[in-house]
Amino acid sequence: MSRKTPKKLINENGTRLDGRELNQLRPLKIEVGILANADGSAYIEQGKNKILAAVYGPKELHPKHLALPDRALLLCRYHMAPFSVQERKSPAPSRREIELSKVIREALEPSVFLEHYPRTSIDIFIEVLQADGGTRCAGINVASLALADAGIPMRDLVVACAAGKVEGRLVLDLTDVEDKAGTADLPLAFMPNLNAITLLQMDGDLTTDEFEQVLNLAIDGCKQTHALQKEALKAKYVAVKEAVEEE
Amino acid sequence: MPTYFENKQLVVPGDLIAEGKYGAGDSTYKDDDKIYAARVGLVTLEDQTIHVVALKAFYVPSVGDTVIGKIVEVGISAWMVDINAPYVAVLRASDVLDRPFNPRKDELPAIFDVNDLLIAKIVAYDRTQDPLLSVREPGLGKISRGQIVEITPTKIPRVIGRKGSMISMIKKETGCQITIGQNGLILISGKTPEDERLAVMAVHKIEQESHTSGLTDRVSEMIRKEREV
Amino acid sequence: MTSSMSVAKVKQKRIAELISHGKRLDERGLNDYREVQIEVGIIERAEGSARVRLGKTEVMVGTKIEVGEPFLDVPNEGVLTVSAELVPLASPKFEPGPPNENAIELARVVDRGIRESKAISLEKLCVTPGKKVFVVFVDVYVLNDDGNLIDASAMAALAALLNTKIFNYEVKNGEIEIKPGYTQLPIVDYPIAVTFAKINDKLVADPWLVEEQVMDARLTITIDKDGKICAIQKGGYGYFSMEKILEATKIAQQKAEELRKIVVKD
C-alpha cells in the first residue's frame, strides 16, 4: 500500500497543507501526571502526534555491575506502537528507534542532576501512539515534563522543536509529509534558561546561511512550546488553588 | 538584590528565582550568582536562603530521620527494608538482638518477616552505601496495628503544621494515634475504622491543598462535617 | 560514543588545561586532523572496498551490489543500505553481539551523509522500473577504535563507493543477463563528515580516544562538495551553545575540503 505525496505542500500565499503559516506550530495539548503507577508522566498531542512519556526512578539499579558509582544512569526507550503509523510497524525495536532512544537520552541528560543519586537508574519510556512527523521532539517535550512530574531535580526543562526547508521555504514544525518531501529537517532540543542546545540533528541540504536561519526558527518554536510546557506543569496546582479560593 | 518571584509563588525547574548573594536552599541550585528552581514548587525565602518547597518529590534519606518501612527481604544477618526512597535500607540483626548475632540460634523471620512494617531511625547514610536503620530507641519497632497513608515527603511539614498545630488538631478531632515518618509514610491508629477514615481523609486533603492558606481551619471543618453525616 | 573506560582525573585535568591553551596531548592544533591513509580495492570479493587509517583508528568498508526490489514510493530508484559493526577485536569496550546503539548511530550518520548529498545517482540503478533495482550494501567494519569512528567510517565509505564497480548487464525477457565488463557506480557528490569534541568549552576536531573519554559532547557536520551541510548529529551527554555550533560549521567546511582532496584523487 502506498500513499501518493500531494503535489504542492505550500501554496502561493505561503499557506501549508494543514492551513498553517510557515512559522506556525501545530496546535498543542499537554497534560502532566496522567499515569497512576509511574513516578512521573505526561502526554502530548501535537497536530496528529499522540505521545506518552513515563518516568520510573531514581531506583536502585540491578544488576549492580551496570550501576555507576558516582551518578544515576539514565535509560531511555523511544518506541512506536505498531498502529501508530500508516503501515503497521513491527513491535520489535527498529534501528531508527534505537538511534532515537540514544539521542533523546543525550538530549535529556544535561538537564538532570544525575550526580545526586549514585548507583541508581532513572528510566524514561516514550510511547508514540500516533505519529505524524516530529515525534522525537514531542517525545522530548513530554519526557522532560515526566521527569519534573516525578520530582527529579533538574537544571531546566528540555524543550524540542523541528524546523526545515520545504519547497524552498523555511518552515517550523514539519509534519511527516513535509519531512519526507522536503529538502531539510532539523530537530533541535534546548534548555531555555541556560541557552543550551542538547539535541541537534539535520538531514537534507542547506547552505550555512539557511542553516543559521533554520536553527533560529527551531529555537523560536522551542520557546513557544516552553511556555505551554510550564503551563501544563503548573495546571493541576493552579486548578486546586482556584477551587479553594472559590470556597 | 533582585528576586524575580515572590514568596509562595509557583516555580518550575529552570526558573530564575533570584540573583545576588543568596544561599541555594532545598530544590534550588546556584549557577554563578543566580538561584534557579530545580523542582516544581513554592518559593520560600528564609533569611538570605531561597528554598523551593517541592510539590512533589521522593524521599532522600537523612541521618536522624524517623521513617516507616516495610521488610522486603530477610538476609542472613540483616533485613532489607523498603523506605520509599531510591535506596533500600538495611537493618542489622545485631541492632535488634542487643548482642552478636548467632546464626545457629537466631531466626530472623521470627523477629521481622517479609511484609512486616516497622518504625525505625536512620543512623547512617552516605553516597557510597545504602541507609542503615536502627530500632533501638523507645517507640521504634514493629507496627502491629493501624493504617499507612503515603504522601509526598515534602508535605510532611504541612501535616505537622507550625509548632505541631495541624497534627495536634487532627489527633484531637479524630482521637487517633498518628506517627509520622519523614519518608512520607504516616501511621494512623484509631479506636474505630471511622476515626481512622477521617484522619486519612484529612491527610489527603492536606496533600492536595498544601500550597493554599487557611488549611488548618478547612481541614478541621471538613472532619466535623464528615462526622455529622 | 559512550565510554565506560574512565581516564585518571589527573590526566583529564591535563588534557583540559592543554586545550585551554590551544594544545592537545598529541601536539596537534585544535583543528588539526591526524594523518589519513587510504587504500582501496583490497577485498576482491567485494564490489568495492577501502581501508582508512585516521591516526590509529582503522576502519574497513566493503560494498556489495545485489539485485532487489525498489521501495514502493520510489519505484525507479536503486536502494542504499548502510550498516556498521564494532567488532570486538577493535576495542576492549566492544562486545560480540548484534549492533548496539553506538554501531547503529554510526551507520545511520554515515548513511545520512551519502543519502542526503545524493552522492549515488540512485535513478541510474534501476533495472526494470518498479520491479528490479540494484541494492548497494555499504558495510562498515571497525578494526581499531582510537577515536572518531564517524569521520574515518564516512571517508572509508566514500572511498569504497568510488571504488565500486557493477557488472554490465542486459535485460532479456525480464531476466538479467550478465555481459562482460564493469561500470563504475555513478557517484556525483563527495560528502565528508567532520566531527568535533567539546572539552572545557572548546572545540577540538578529530578527537582521539582519550579526548572522547573526556569530552562532554560531540558534534558531527557532514559537508557536500559544494560546501553545503547535508547532515548533522550531536552526541554525548553535554550541550552546545548556538555560537559554538556556528563556529563548528565554519571550521567543518574548511576541513571537509581538505579531507575531500585526500579521498577523491581525481
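Reply: **Cis bonds and surroundings**

A:Pro58 is placed in strand β3 (residues 49-60) of chain A, where strands (E, at least two residues) and helices (H or I, at least four residues) are DSSP runs numbered from the N terminus. The model is predicted, so local features need pLDDT of at least 70 and side-chain atom pairs pLDDT 80 or more, while totals for chains, interfaces and linings use all residues. Residues are numbered from 1 along each chain as its sequence is written, and chains are lettered from A and ligands numbered from 1 in the order in which they are written.

The peptide bond between A:Gly57 and A:Pro58 is cis, with omega about 0 degrees. A cis bond also joins A:His62 to A:Pro63, where omega is near 5 degrees. A:Pro63 lies in the loop between β3 and β4 (73-80) of chain A.

**Chain A as a whole**

Chain A holds four helices and nine strands. Read from the N terminus, its elements follow the order β-β-β-β-α-β-α-β-β-α-β-β-α. The radius of gyration of chain A (taken over C-alpha atoms) is 19 Å, close to the 18 Å that the globule rule (2.2 Å times the number of residues to the power 0.38) gives for 247 residues, so chain A is as compact as a globular protein of that length. Along the principal axes, the C-alpha atoms of chain A fill a box of roughly 55 × 55 × 40 Å.

In chain A, 50% of the 247 residues are buried. A residue is buried if 20 or more other C-beta atoms lie within 10 Å of its own, exposed if 12 or fewer, and partly exposed in between, with C-beta atoms placed from the backbone. Among contacts in chain A (C-beta atoms within 7 Å) between residues at least 6 apart in sequence, 71% join residues at least 24 apart.

**Where chain A meets chain C**

Two pairs of chains are in contact, and chains A and C share the most contacts. By contrast, no contact joins chain B and chain C, and their closest C-alpha atoms lie 16 Å apart.

The contact between chains A and C takes 27 residues from chain A and 26 residues from chain C. On the side of chain A that touches chain C, at least two residues each come from α1 (95-108), β9 (196-206) and α4 (208-246) of chain A. β9(A) gives the largest share, eleven residues. By class, that side of chain A has eleven nonpolar, eight polar and eight charged residues; Ala, Val, Leu, Ile, Met, Phe, Trp, Tyr, Cys and Pro count as nonpolar, Asp, Glu, Lys and Arg as charged, and the others, Gly among them, as polar.

β9(A) also pairs across this contact: four bridges join it to strand β12 (residues 229-235) of chain C, and the two strands run antiparallel. Strands pair if DSSP finds at least two bridges between them. A:Leu206, for one, has C:Ile229 in β12(C) as its bridge partner.

**The nonpolar core**

In soluble globular proteins, nonpolar side chains tend to be buried together. Here the largest nonpolar core has 203 residues, a core being a set of buried Ala, Val, Leu, Ile, Met, Phe, Trp, Tyr and Cys residues joined through C-beta atoms within 7 Å. A:Ala160, A:Leu188, C:Val140, C:Ala156 and C:Ala157 have the most contacts inside this core. Helix α3 (residues 149-162) of chain C gives the most to the core, with eleven residues. Leaving aside residues up to four places away in sequence, C:Ala157 touches C:Val61, C:Val82, C:Val110, C:Ile114, C:Val138 and C:Val140.

**Chain B, for backbone comparison**

B:Lys8 is not a glycine, yet its phi is positive, near 75 degrees. B:Lys8 is in the segment before β1 (10-11) of chain B and counts as partly exposed because it has 13 C-beta neighbours inside 10 Å. B:Asn84, also not a glycine, has a positive phi of about 65 degrees. B:Asn84 is in the loop between β9 (78-82) and β10 (89-92) of chain B; it has 17 C-beta neighbours inside 10 Å and so counts as partly exposed.
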